[in-house]
Amino acid sequence: MSGKMRGMVTGIAIWTVFTAGGASLAAGKGDVTYEKDVKKIVSENCLSCHGSDAPTMEAFKKDQEGFKKAMKGPRMDTYANLMVVVDGSDTGALMRRLDDGKAAKDGKPGNMYNYLGGTDAEKAANLKVIKEWIGGWTLKRKKDITEKELKAIRALEK
């Protein structure tokens, strides 16, 4: 192969590597995010009990039974409030409550799974989006989650 031809082949190889790398960077645009994908699911299915008039997690823990009787759970009306149960002081709580039972030892869905939609198909589709958003789906409580499992939780805001 001539020097000129070798240079062209090298140039094509470099271009291929460069554009392939660019394509993988662009793939981030398809990531599931709170703002783009999850916020709508939460707004349509959760805010009647977990909206702006619901208690903070701290207040909820002080009177759980009273709030449950009033059909109020902890606030989840913002990304920050939702992250408390995804990747905060109560990591894993959202996953345990929304799980369809396929990840549970007893096979039972979480107590909030039925609120993910009006039909089984809608519930499954919404759960799929939320699982993709979270990334590191775990039913463990925060004290039992490993550092590796914690790092697997992505839950991007934007």
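User: Where in the chain is Met71 found, and what is its phi near?
Analyst: Met71 is found in the loop between H5 and H6 of this predicted model. Most residues other than glycine have a negative phi. Met71, which is not glycine, has instead a positive value, and its phi is near 60°.

User: Is Lys72 buried or exposed, and what is its relative accessible area?
Analyst: Lys72 lies in the loop between helix H5 (64–69) and H6. Leaving aside neighbours within four places in sequence, Lys72 is in contact with Ser48, Cys49, Asp53, Ala54, Pro55, Phe60 and Phe67. Because buried means under 20% relative accessible area, Lys72 counts as buried, with a value of 18%.

User: Which residue has its backbone oxygen 3.1 Å from a polar atom of the side chain of Lys72?
Analyst: Among the residues in contact with Lys72, beyond its neighbours within four places in sequence, are Ser48, Cys49 and Asp53. The backbone oxygen that lies 3.1 Å from a polar atom of the Lys72 side chain belongs to Ser48.

User: How many helices and how many strands does the protein have?
Analyst: Read along the sequence, the pattern of the protein is α-α-α-α-α-α-α-α-α. The secondary structure accordingly comes to zero strands and nine helices.

User: Why do the buried residues of H6 line one face of the helix, and within what arc do they fall?
Analyst: The buried residues of H6 are Tyr79, Leu82, Met83, Val85 and Val86. Seen down the helix axis, these residues line one face of H6 because they fall within an arc of 165°.

User: Which helices do the buried residues of H6 pack against?
Analyst: Tyr79, Leu82, Met83, Val85 and Val86 are the buried residues of H6. The helices that these buried residues pack against are H2, H4, H7 and H8.

User: Is Ala155 buried or exposed, and at what relative accessibility?
Analyst: Ala155 has its place in the segment after helix H9 (147–151), and its phi, near 40°, is a positive value in a residue other than glycine. Trp133 touches Ala155, as well as residues including Arg154 and Leu156. Ala155 counts as buried, its relative accessibility being 1%.

User: What distance separates the C-alpha atoms of Tyr115 and Cys46?
Analyst: Tyr115 has its place in the loop between H7 and H8, and it counts as partly exposed at 47% relative accessibility. Although Tyr115 and Cys46 are 69 residues apart along the chain, the separation of their C-alpha atoms is 7.2 Å.

Methods:
Residues numbered from 1 in each chain as written. Predicted model: local features only at pLDDT ≥ 70, side-chain atom pairs only at ≥ 80, totals over all residues. Heavy atoms only, no water. Helix = DSSP H or I, 4+ residues; strand = E, 2+ residues; numbered from the N terminus. Contact = heavy atoms within 4.5 Å. Buried < 20%, exposed > 50% of the residue type's maximum accessible area, 1.4 Å probe, protein only. Polar contact = N/O pair within 3.5 Å; in protein donor to acceptor, adjacent residues only side chain to side chain. Arc of directions from axis to C-beta.
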